Amino acid sequence: MADHEFGFETLCLHAGHIPDAATGARALPIYQTTSFVFDSADHAASLFNLQTFGNVYSRISNPTVAALEERVAALEGGRAGLAAATGMAAQMLALLTLAQNGDHIVAARTLYGGTYSQFAVTFAQFGIDTTFVDADDPQAFRQAIRPNTKCIYAETIGNPQLNVLDIVAVAGIAHEAQVPLVIDNTLASPWLCRPIEHGADIVIHSVTKYLGGHGTTMGGILVESGKFDWGNGKFPQMTTPSRGYHGVIFHETFGDFGFTMKARMETMRTLGPTLSPFSAFLLLQGIETLHLRMPRHCESALAVARHLSEHPAVAWVNYPGLPQSATHELSRRYLPRGAGGILTFGLKARARGGAAAGERFIEAARMMSHLANVGDAKTLVIHPASTTHRQLDDAEQRAAGVLPEMIRLSVGLETLDDILWDIDQALAQAQG
Amino acid sequence: MALIDDITGLRRILLQSRTIAVIGLSGSWYRPSFFAAKYMQDHGYRIVPVNPACDEVLGQKCYPTLREIPHKIDIVDCFRKPPEIPPIARDAVAIGAKVLWMQLGIRNEEAAKIALDAGLDVVMNRCVKIEHARILGGLNWAGVNTGIVSARRPG
């Protein structure tokens with residue numbers, strides 16, 4: 001008899017956690033411990049040899065963190081996950097497990113600014129070269145691939161451009177080149193899009209955003225699909241005895257979760273950006289209501305986008321759920337349940353100019369919080385040109401998709417009328 | 001007596017079996033067969049190595065073939081390439097084993113039919129260690145998606 005397939009909502013509540021073996025505790029216990037005792041010298045040796053599953057030291061694994069890892073892996077339809085202190089750390093672990101000095105990455109140009117800097121500045125210092133391409137043109141990814149390319153990297157929904165990726169097309173190009181497609185699915189969350197179903201091989205999240213959902217806790221995760229053929233000859237680090245782990249051959253020994261084991265036992269163990277058990281508990285608590293929060297984020301964001309589109313003070317609105325959005329068709333295909341909770345818009349340039357009006361709009365907000373985050377339960381607002389992208393000149397900002405008048409809203413779960421009220425009163429003040 | 005691929009069936013096999021003959025068990029500690037056999041031994045199973053190249057593995061006497069094992073075997077666990085499985089299946093039937101288990105990456109329909117026709121359970125393309133850890137606890141600590149949803153304690 002085939003196993004019963006549990007629905008997404010059930011997995012949000014149950015995946016990765018069954019009642020505690022020792023106590024029967026129904027809620028997830030917080031294993032706030034650095035280390036775990038060995039039963040015997042032989043047990044210790046087996047653990048260090050990876051011959052048995054178990055916990056040694058919380059930098060490498062911890063039962064509370066593992067519950068989060070399994071839950072997100074289940075929600076993404078993946079084989080295994082590895083959590084990290086932040087989304088940036090999770091992404092670093094994935095990429096440093098894939099690529100080393102002399103290797104190359106092909107990445108979308110419209111990435112979150114922190115990711116862009118991690119690749120363009122930090123990885124460049126490690127001798128890993130990145131070519132940034134137009135994410136809206138799948139052929140651009142193909143043209144940038146070199147013999148030493150180790151992956152293609154892109155976001156389901158670009159930040160802050162909000163362009164939706166043609167995942168199937170880009171996955172096809174990656175697989176033609178025998179490299180994995182790595183997708184940051186943070187802004188969509190697995191409730192809106194499960195990139196593995198469209199051909200992605202590794203999915204990254206800043207769990208800080210919609211998964212955690214409450215703006216309390218930093219966290220990140222990588223999820224492996226279990227479908228990529230690491231034995232294709234391009235990844236000797238997976239198929240030859242590991243120098244970092246005394247001769248283990250990760251692909252042969254751990255099969256379809258060998259990449260995650262290598263990322264855990266080598267990259268995480270030696271670099272150490274571990275998620276704390278308490279953070280994992282808080283993030284997991286958030287995930288339990290992901291399926292209830294995401295529909296509301298999407299409904300309210302669409303309502304706000306429509307409202308702004310009709311407002312005389314607004315020059316333009318960018319939301320993938322609006323028909324005029326450049327990637328609306330892709331949004332309908334990959335995000336059929338809703339286009340997410342984030343939108344950008346620009347104020348009409350009057351006497352003071354769009355950028356100044358944008359700053360004034362932010363200052364006039366009363367309920368919307370002015371801060372540098374997205375995916376909180378509360379509505380957030382920011383003016384990228386004067387904050388997150390302030391260091392760039394006008395031309396650089398435009399290249400990054402940041403227009404001087406652009407305001408980014410992360411639409412929260414408050415009463416919709418209250419969100420619209422705050423927007424309207426702030427628009428009135430910005431015009432004054 | 002069936003092809004077993006679901007959690008309930010795999011759990012039954014793992015709980016009912018005590019003795020596992022491991023065909024192709026290597027004496028090298030970093031080989032997957034050694035990983036799996038050591039894990040099962042550590043979890044209370046009697047491991048019987050079958051490998052003509054060895055005298056003893058994991059402290060257990062090694063036999064050249066299944067037919068030379070003088071005692072009862074529950075699971076015949078195969079770390080051999082698919083074309084080598086049908087004769088092993090015939091041996092498994094001959095010695096009265098209860099389960100023919102082909103490891104991760106190994107499938108052979110002919111061997112499965114031989115075993116099923118003789119009333120054995122058959123598992124294909126699964127690792128005995130990973131399934132034990134998935135269903136009876138341990139694999140979840142490695143962040144692996146076990147597919148287990150339950151309101152009961154593990155076991």
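Predicted model: local features only at pLDDT ≥ 70, side-chain atom pairs only at ≥ 80, totals over all residues.

## Ground rules

Two residues count as in contact when their C-beta atoms, placed from the backbone, lie within 7 Å.

Residues are numbered from 1 along each chain as its sequence is written, while chains are lettered from A and ligands numbered from 1 in the order in which they are written.

## Chain A overall

Chain A has 17 helices and 12 strands (DSSP runs numbered from the N terminus: H or I of at least four residues for helices, E of at least two for strands). Its C-alpha atoms sit in a box of roughly 75 × 50 × 45 Å along the principal axes.

Of the 432 residues in chain A, 54% are buried, meaning 20 or more other C-beta atoms, placed from the backbone, lie within 10 Å of the residue's own.

## A parallel pair

Strands β2 (residues 104-108) and β3 (residues 129-133) of chain A pair in the parallel sense over 5 bridges; pairing takes at least two DSSP bridges. A:A108 has A:V133 as its bridge partner in β3(A).

## Where B meets A

Here 31 residues of chain B are in contact with 39 residues of chain A. On the chain B side, α1 (7-16) and α2 (32-42) are the elements giving two or more residues, and α2(B) supplies the largest share, 5 residues.

Terms used:
Buried ≥ 20, exposed ≤ 12 C-beta atoms within 10 Å, placed from the backbone.
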